[in-house]
Amino acid sequence: AYGAYLKELDPTDMSVLFLNARICYMSGDFESTVDNLTKALSYKKTENNQVLSLSYNLLGNTYKLLGDARESSKAYLAASKYSIDLTDKLIDYSNYLFNLNYLADISLDEISAEHLKYNDFFQNIKPYKHEFKPKGKIRVGYISPDLREHVVLNFSYAFFNNYDKSVFEVYCYAYGQEDDYSLDIKNKIDNWRNLTEDSYIEIAELIYQDNIDILVDLAGHTKNNLLPVLAYKPAPIQISGIGYFNTTGLKSIDYYLSDIYCENEGLNDKYFSEKMLILPETHWCYSPLKEFPDINKKNDEYVVFGSFNNFTKTSDEILLLWKEILQRVDKSKLVLKSNIFSNDYGVKKISNRLINLGFDLERVELRPESRNYLEEYNDINIALDTYPYVGGGTTCEALYMGTPVITLVGDRHGSRFGYSILKNIGLDYCIAFSREEYVEKAVAFAQDKGRLKY
């Protein structure tokens with residue numbers, strides 16, 4: 001009924017087109033979503049910047065779902081520019097920064113410069129003043145929207161489960177809906193706060209009043225992040241890491257957590273606003289929070305390569321390498337599994353992209369996201385890591401399911417996660433330092449029937 005009402009209104013009115021696009025988006029009709037928004041932004045029959053911002057934001061969301069990081073990043077930047085609300089502006093700019101990490105052809109200098117601009121939003125904020133003088137136990141606060149069933153919790157759970165209670169007092173600052181995992185953390189730590197109903201300044205004041213000595217951000221520029229809270233400097237020492245793979249750009253954050261493999265021998269230090277805290281082996285501490293299914297690899301005459309990563313991570317650059325691998329390995333297939341493949345338009349769009357890159361679609365299977373996805377690793381002989389945004393949680397899950405992962409090491413901090421994970425568990429033969437080596441290692445592994453059995 002609402003759609004019928006909209007049809008009676010001016011079809012060139014930007015607000016009408018936006019609302020139509022919103023209805024299409026919610027129903028999964030992404031093709032019509034893009035069509036309505038493209039028309040709306042070309043007509044621009046409004047001076048309402050908020051409608052412009054909302055339209056660009058929705059366009060960014062849609063392009064991201066469709067795996068088009070270039071267009072999504074452009075849209076999010078425009079949304080941030082037009083927004084009249086600072087909170088929305090910050091969210092859109094974080095979305096813009098996040099999506100830049102998917103792009104293979106952006107330089108370290110450019111991606112760093114765009115992140116450093118984030119600090120400009122907080123020029124008028126007066127930060128808290130501190131003296132770092134712990135009295136008694138050191139109070140450590142963890143702030144994150146992902147203290148729940150979320151991939152980040154797999155890499156941070158040990159912080160709440162295995163700390164020395166005689167030395168540290170742990171506070172958790174959660175944001176958003178809680179679940180059984182949240183309750184489990186609550187029962188293990190000293191203090192829990194849910195901040196969902198509070199403003200950034202109210203959260204900062206609460207942390208300041210809690211006398212936190214070290215505040216650790218586990219989200220960076222990911223969804224529902226609380227970086228604006230850290231801009232107020234509510235704790236004397238502030239650290240970011242685990243949840244995001246690049247600098248926050250905030251001068252109020254002192255350190256960024258890394259390791260010798262991700263940090264790249266000092267290269268990335270100059271691209272971060274934070275000082276790097278470089279651990280000697282790894283900054284990963286993966287804890288599987290759910291039971292994994294039995295490993296029961298299927299015997300097949302074909303070698304099956306696969307990627308279960310969010311398809312937006314899959315750049316044309318890495319797709320061309322996957323195509324070459326398929327061409328060089330007789331009787332091989334490629335299984336791609338991601339949420340976009342549950343959408344007809346998404347399947348059509350990605351299929352056309354693969355065809356344009358020269359893939360034989362008879363050898364590619366597109367699978368939608370599913371709850372029992374871990375069992376499907378039994379169909380996969382070799383997992384192929386994405387690039388330049390590599391896997392983290394997906395890499396660990398594949399390895400837990402007995403599936404080797406071939407990774408390509410880049411210069412960026414976030415392009416070296418796979419390297420760090422594989423190096424620390426002794427799988428050096430899965431690590432490639434060039435595109436040629438990536439292909440060669442995948443092909444050699446596929447042709448080694450004895451190794452594929454184990």
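Which residues does Thr 62 touch, not counting residues up to four places away in sequence? Keep that one in mind as you go through these notes on a predicted model.

1. **Thr 62 and its neighbours.** Leaving aside residues up to four places away in sequence, Thr 62 touches Tyr 25, Phe 30, Thr 33 and Val 34. You'll find Thr 62 in helix H4, which covers residues 49–65. Its relative accessibility is 0%, so Thr 62 counts as buried, the cut-off being under 20%.

2. **H2 against H4.** Now look at helix H2 (residues 14–26), whose axis comes within 10 Å of the axis of H4, with a crossing of roughly 30 degrees. Because angles under 35 degrees count as roughly parallel, H2 is roughly parallel to H4. The crossing of H2 past H4 is left-handed.

3. **Who makes that contact.** From H2 come Met 14, Ser 15, Phe 18, Ala 21, Arg 22 and Tyr 25. H4 brings Val 51, Leu 52, Leu 54, Ser 55, Leu 58, Asn 61, Thr 62 and Leu 65. Sorted by class, the contact of H2 with H4 has nine nonpolar, four polar and one charged residues. So Thr 62, our buried residue, is also one of the residues in this helix pair.

4. **H6 against H7.** Here's another pair to find: helix H6 (residues 86–100) and helix H7 (residues 108–116) have axes that come within 10 Å and cross at roughly 165 degrees. An angle over 145 degrees counts as roughly antiparallel, so that is how H6 sits relative to H7. H6 passes H7 in a left-handed crossing. On the H6 side, Tyr 93, Tyr 96, Leu 97 and Leu 100 meet Ile 111, Glu 114 and His 115 of H7. Those residues split into five nonpolar, one polar and one charged.

5. **The sheet.** Leu 334 has Val 364 in E10 as its bridge partner.

Definitions and conventions:
Residues are numbered from 1 along each chain as its sequence is written. This is a predicted model: local features need pLDDT of at least 70, side-chain atom pairs count only at pLDDT 80 or more; totals for chains, interfaces and linings use all residues. Side-chain values use heavy atoms; hydrogens and water are left out. Axes are lines fitted to C-alpha atoms, for helices over the stretch in contact, and angles run from 0 to 180 degrees between N-to-C directions. Helices (H or I, at least four residues) and strands (E, at least two) are DSSP runs, numbered from the N terminus. Angles under 35 degrees count as roughly parallel, over 145 as roughly antiparallel, 65 to 115 as roughly perpendicular and the rest as oblique. A crossing is left-handed if the near helix is turned anticlockwise from the far one by less than a right angle, and right-handed if clockwise. Contact means heavy atoms within 4.5 Å. Ala, Val, Leu, Ile, Met, Phe, Trp, Tyr, Cys and Pro count as nonpolar, Asp, Glu, Lys and Arg as charged, and the others, Gly among them, as polar. Two strands pair if DSSP finds at least two bridges between them. Buried means under 20% relative accessible area, exposed over 50%, partly exposed in between (1.4 Å probe, protein chains only).
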